[in-house]
Amino acid sequence: MFNVLNIVLLLVFVLIFPGALFTSAVGLWLAGVDRKVLARMQHRIGPPIRQPLYDFLKLMGKETIIPHAANKTVYLGAPIVGFVSLAMIMLFIPVGGFVAVSGSADLVVILYLITIPGVALIVGGSSSGSPYAGIGISREMVTMMAYELPFVLVLLAVARKVGGANLVFSMESIAAWQAANGSLLFHWSMIPAAIAMLLVIPAEVGTQPFDVAEAETEICEGPLVEYSGAPLGLFKLNTAMKMFVMTGLFTALFMGGLRTGIVVLDVVIFVVICTVLTILSMTTIHAVTARLKIEHLFKFYWTFVAGMALLSLVLVWFGL
């Protein structure tokens with residue numbers, strides 16, 4: 001009976017909260033806010049906030065056309081694998097103080113899982129057999145190599161700050177440390193790492209100006225050029241979910257000490273913070289910058305962004 005109850009509880013976590021349903025709903029909300037606020041910044045009315053939901057439902061109802069040269073299994077399975085990995089990540093991130101699954105190496109697991117949607121995009125695009133997809137795949141690989149280094153350095157800086165000589169990779173322990181010592185965002189040595197993380201978010205999500213892999217006007221949608229129907233809808237949903245996953249990860253890493261003690265209210269505050277972070281790290285940057293060239297993207301992340309993360313790591317390594 002106990003084992004059955006645990007299995008049912010785990011399914012609720014994976015399928016409803018904080019997993020697939022909750023992550024999808026908030027992700028689509030953030031995507032809608034991003035488009036609406038961007039339109040206002042550009043003096044346009046813009047689509048309604050629920051437009052990403054309409055787009056997703058429309059694509060799910062359209063016919064799926066599979067290219068003749070495509071590997072059908074990989075072509076259809078890639079977006080599903082990305083969706084599952086994103087839903088699983090939220091189990092390890094404290095949402096308003098609630099943690100569905102906790103372990104001693106949560107950050108390591110998150111680092112691996114967050115890579116899977118990008119790999120799924122690459123594998124799915126390569127399975128379509130399109131030469132345009134091949135161009136987008138190469139760009140996606142370069143983009144991933146660009147932002148992974150500063151991302152890892154940010155995680156190491158957080159682990160060192162919380163654990164001291166012993167690195168701490170448990171999200172629950174990081175949240176507990178911030179509850180006792182204050183949010184990491186308010187520790188001056190972690191400010192460079194927070195800035196680096198804010199710049200990693202749009203590259204991980206793939207929003208302009210870091211959308212070199214899917215620059216529609218340049219290479220016809222890159223890896224997604226041959227996708228249609230439900231698989232395309234799932235890829236679009238994955239992008240929206242990643243908005244929530246990345247901003248949620250930032251909130252848990254740097255603002256985990258902000259709690260009221262009321263779980264529902266803390267979850268609402270968590271979503272509000274993620275909304276603000278979306279506007280700051282994605283919408284605003286999109287509105288004020290032009291798309292980066294692939295060579296500039298790599299240089300930017302391996303110099304300035306990695307440098308900011310490394311600065312925090314050095315400061316906390318020496319106990320500052």
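Me: How much space lies in the largest cavity?

Reply: About 120 Å³. Before we go on, this is a predicted model, where local features need pLDDT of at least 70 and side-chain atom pairs count only at pLDDT 80 or more, while totals for chains, interfaces and linings use all residues. Residues are numbered from 1 along each chain as its sequence is written, and side-chain values use heavy atoms, with hydrogens and water left out.

Me: What makes a space a cavity?

Reply: On a 1 Å grid over the protein atoms alone, a cavity is a set of points where a 1.4 Å probe fits but cannot get out. Its volume is the space filled by probe spheres set on the points, which are joined across faces, edges and corners. Searching the whole structure turns up one cavity of 30 Å³ or more.

Me: Which residues line the largest cavity?

Reply: Lining residues have an atom within 4 Å of a point. There are 14 of them, and G96, M255, G256, L258 and F270 lie nearest the centre. Helices α10 (229-254) and α11 (263-288) each give two or more residues to this lining, with the largest share, four residues, coming from α11. "Helix" here means a DSSP run of H or I with at least four residues, numbered from the N terminus.

Me: How do the lining residues divide into nonpolar, polar and charged?

Reply: Eight are nonpolar, four polar and two charged. Ala, Val, Leu, Ile, Met, Phe, Trp, Tyr, Cys and Pro count as nonpolar, Asp, Glu, Lys and Arg as charged, and the others, Gly among them, as polar.

Me: Why is the pair D55 and R35 called a salt bridge?

Reply: The term asks for a side-chain nitrogen of Lys or Arg within 4 Å of a carboxyl oxygen of Asp or Glu. In D55 and R35 the closest N and O atoms are 3.1 Å apart, so the pair meets the definition. D55 sits in helix α3 (residues 51-61) and R35 in helix α2 (residues 20-41), so the bridge ties together parts that are 20 residues apart in sequence.

Me: What is the distance between the closest N and O atoms of E204 and K242?

Reply: They are 3.8 Å apart, and this pair forms a salt bridge too. E204 belongs to helix α8 and K242 to helix α10, so parts 38 residues apart in sequence are tied together. The whole structure has two salt bridges.

Me: Is V205 buried or exposed, and how do you know?

Reply: Buried means under 20% relative accessible area, exposed over 50%, and partly exposed in between (1.4 Å probe, protein chains only). V205 has 8% relative accessibility, so it counts as buried. This residue lies in helix α8.

Me: Why is H43 called exposed?

Reply: Its relative accessible area is 77%, so H43 is exposed. H43 sits in the loop between α2 and α3, and its phi is near 60 degrees, a positive value in a residue other than glycine.

Me: What about W317, with a relative accessible area of 45%?

Reply: That value makes W317 partly exposed. W317 is found in helix α12.

Me: Which peptide bond is cis?

Reply: The one from F17 to P18, with omega near 5 degrees. P18 is found in the loop between α1 (2-15) and α2.

Key. 1 Å grid on protein atoms, 1.4 Å probe; cavity = no way out; pocket = protein on both sides within 12 Å on 5 of 7 lines; lining within 4 Å.
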